Amino acid sequence: MSDTVLSTPAFTGVPPRIALVGNPNCGKTALFNALTGARQKVANYPGVTVERKIGEFLSPAGTRVQLVDLPGTYSLRARSPDEEVTRDVVLGRFQHEAPPDVMVCVADATNLRLHLRLVLELKKLGRPIILALNMMDVAEARGCRVDAAALSAALGVPVVPTVAIKRTGVAGLLDQIDRSMIAMTAALPPSSGTSSCGWSEPSALDLRAYHQEVETILAAALRDAGQPSLATSRIDAALLHPAIGLPFLFLVLFLMFQAVFAWAAVPMDMIDKGLGWVQAGAGAALPDGLLKSLLTDGIIAGVGSVMIFLPQILVLFFFILMLESTGYMARAAFLLDRLMGGVGLHGRAFIPLLSSFACAVPGIMAARTIENRADRLATIMIAPLMTCSARLPVYTLIIAAFVPDRTVAGGMIGLQGLVMFTLYAAGILSALAAAFVLKRTIFKGAREPLLMELPSYRLPSPRDILLGLLERARIFLARAGTVIFSIMILLWFLGSFPAAPDGATGPAIDYSFAGMLGHALAPLLAPIGFTWQIAIALVPGMAAREVAVAALGTVYALSETGDALSGSLAGVLAADWSLPTALSLLAWFVFAPQCVSTLSVVKRETNSWFWMLVMIVYMTALAYGAAFVTFHLSTALLGG
Amino acid sequence: MMENLPETILVGLIVAAAFAWVAWTILLPAPLRNRLRRLAGRPVPSQTGGCSGGCCGCEAAGPKRGKRC
């Protein structure tokens with residue numbers, strides 16, 4: 001592509017807008033990435049994209065084009081919020097946004113019967129359309145032969161075969177985009193065609209007419225329908241088997257958490273040693289004073305306490321990315337539909353809940369795929385109970401401090417991995433229990449059946465997995481280098497000033513602003529066994545949960561046990577906390593009040609302060625109650 | 001701790017910068033931040049929200065105030 005920008009007369013000053021529209025899981029985002037060079041998330045299940053994403057590229061003719069990637073939809077007759085986003089962008093209903101000048105309709109070549117209905121619906125809008133016939137490689141492998149020229153003639157729109165994930169056909173699509181824009185400028189002014197005001201929802205009669213028209217088009221253009229994937233059918237026969245399916249799913253999840261500990265041990269140890277070396281080096285190089293204390297006790301002790309968990313985060317995401325790209329994720333939703341239905345949740349709630357393992361923010365946004373508002377609200381309210389990756393450092397730290405690193409069940413199962421699996425299971429079970437209560441009280445209503453396309457199994461692309469992991473590493477390091485870094489500097493300041501008075505006997509932090517805050521909160525948290533150091537850590541932990549770990553690192557570095565920190569934070573905690581306190585903190589974090597980002601996205605997705613406040617209150621109450629019971633029960637059973 | 005003035009000033013500046021960053025990105029509500037951006041003549045980002053970790057959104061998925069016929 002050219003580096004120079006040539007202006008097209010009709011679009012001088014305003015880049016033309018092209019929208020990628022299509023059914024779910026047909027490769028729109030893969031095409032968006034191929035055209036713009038972006039790295040938006042792609043996965044092999046419907047409902048990955050729930051918001052519009054905007055990028056730019058230069059066409060071969062030198063025109064700067066704005067590309068809008070839209071959530072998948074089967075029709076402009078939108079039924080769920082993600083489909084409404086697509087409908088509103090296509091019809092130009094968003095404020096300050098013109099409708100797209102050209103629509104690239106992406107269709108799965110292996111399932112044209114379903115995908116062409118949307119093309120026909122979009123054609124009615126009277127705006128230029130290009131059909132990207134995607135997944136041609138899979139279609140050809142199945143013996144499916146589509147005559148692109150005949151399809152183009154029958155539809156009356158240009159057709160370009162593509163394989164978006166391999167970037168095949170992108171050059172042809174770019175050429176066609178240029179041709180369509182030139183033809184459009186010659187024929188009519190941009191952004192004409194049917195707008196929001198001239199569009200009406202297709203009736204059942206219209207939909208039947210589209211269906212008949214599709215049959216006529218397919219008769220003219222589909223030379224051979226091919227055979228459905230035999231491998232997918234055979235794998236599904238085993239993995240969706242009523243007796244084998246669920247145990248296999250739980251086995252996969254169990255192995256995932258075992259691997260989080262087993263595979264990450266060596267790189268974590270290396271990072272730990274590296275940080276110890278840096279801390280010792282900085283301590284030796286700098287004279288005693290404020291700068292040395294800030295660097296060693298504040299920044300390195302704090303940020304380093306979190307950095308060490310990067311390998312575990314990457315192992316967790318390796319499994320999640322593998323499950324998503326193979327197509328197993330949609331099967332997991334299918335397998336758990338009965339379980340979800342048992343507590344009154346919609347089957348589609350599984351994807352948002354699973355996304356929440358990464359972060360509650362995309363999980364809550366993924367609830368847009370649920371049509372019914374009560375079901376959607378119930379899903380949003382329980383999504384933060386799923387164990388997000390930010391909790392992983394907290395869990396790992398406490399497990400490393402209090403759970404011995406040994407195997408059980410004849411050496412087959414790592415005890416630490418087993419405890420981690422139990423904590424994740426506790427998150428899932430508490431989410432289901434909360435859903436059960438919510439669906440029988442606030443969000444009453446009949447349960448709707450799960451209708452979901454099961455994608456064919458695909459071999460994961462090593463490139464996509466690697467890019468996904470690099471993106472997660474970048475996000476983690478960016479957060480450590482910005483949010484955590486800044487908060488640790490502030491916490492160091494609050495933990496160092498005012499200095500201890502002359503003749504003081506306790507640690508200096510006791511007399512600081514942070515110490516005062518910790519001691520003020522301590523009576524409130526004493527019934528659940530939390531120390532004043534934990535009280536300090538919980539406050540910045542509201543910014544992001546892993547900040548609590550960094551805060552503990554800084555607080556203990558500034559306290560009297562700081563000397564021991566050069567060994568490990570886990571060792572310091574093991575010496576300073578009782579087992580009931582550690583268990584109580586784990587229980588707290590299973591239900592922990594959410595980070596600020598989660599609360600803000602709840603407010604945005606529900607368009608209401610009310611539901612955000614409900615979430616704060618109910619999760620805080622659950623966390624306090626669970627920690628209280630855990631602390632007192634474990635004190636009674638194990639002793640303080 | 002105060003005998004080394006240049007060191008104290010340097011640390012003070014680092015702490016002030018960290019406070020400004022936390023106040024701007026975490027503590028200040030987005031509408032206020034956008035208003036301050038407009039007052040300073042800076043463009044307001046079209047995409048808001050997110051978890052400062054790459055997950056950003058656009059419009060709320062709930063009822064919208066967009067133009068309707």
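How many bridges join strand β4 (residues 102-108) of chain A to strand β5 (residues 129-134) of chain A, and in which relative direction do the two strands run? In this predicted model, 6 bridges join β4(A) to β5(A), and the two strands run parallel. Within this pairing, Ala107(A) is placed opposite Leu133(A) of β5(A).

Both strands belong to an open sheet of 6 strands in chain A, arranged in the order β2-β3-β1-β4-β5-β7 with mixed pairing. The edges are formed by β2 (53-58) and β7 (159-161) of chain A, each of which pairs on one side only. On average, and with direction ignored, neighbouring strands of this sheet are turned by 25° against each other. Helix α2 (residues 81-90) of chain A packs on the sheet, where it touches β1 (17-22), β3 (64-69) and β4 of chain A, and its direction makes about 140° with that of β1(A). Helix α3 (residues 112-123) of chain A also packs on the sheet, touching β1, β4 and β5 of chain A, with a direction that makes about 165° with that of β4(A).

Two further helices of chain A are mostly buried. Helix α11 (residues 290-307) of chain A comprises 18 residues and reaches 23 Å from its first C-alpha to its last, close to the 26 Å expected at 1.5 Å a residue; a kink of about 35° is centred on Ile300(A), and 16 of the 18 residues of α11(A) are buried. In helix α13 (residues 328-335) of chain A, 7 of the 8 residues are buried, so this helix is largely enclosed by the rest of the structure. Among the buried residues of α13(A) are Tyr328(A), Met329(A), Arg331(A) and Leu335(A), and their cover includes α8 (230-239), α9 (245-262), α12 (310-326), α14 (337-342) and α15 (350-355) of chain A.

Methods:
Residues are numbered from 1 along each chain as its sequence is written. Chains are lettered from A and ligands numbered from 1 in the order in which they are written. This is a predicted model: local features need pLDDT of at least 70, side-chain atom pairs count only at pLDDT 80 or more; totals for chains, interfaces and linings use all residues. A residue is buried if 20 or more other C-beta atoms lie within 10 Å of its own, exposed if 12 or fewer, and partly exposed in between; C-beta atoms are placed from the backbone. Helices (H or I, at least four residues) and strands (E, at least two) are DSSP runs, numbered from the N terminus. Two residues are in contact if their C-beta atoms, placed from the backbone, lie within 7 Å. The expected span of a helix is 1.5 Å times one less than its number of residues. The bend at a residue is the angle between axes fitted to the seven residues ending there and the seven starting there. Two strands pair if DSSP finds at least two bridges between them. Axes are lines fitted to C-alpha atoms, for helices over the stretch in contact, and angles run from 0 to 180 degrees between N-to-C directions.
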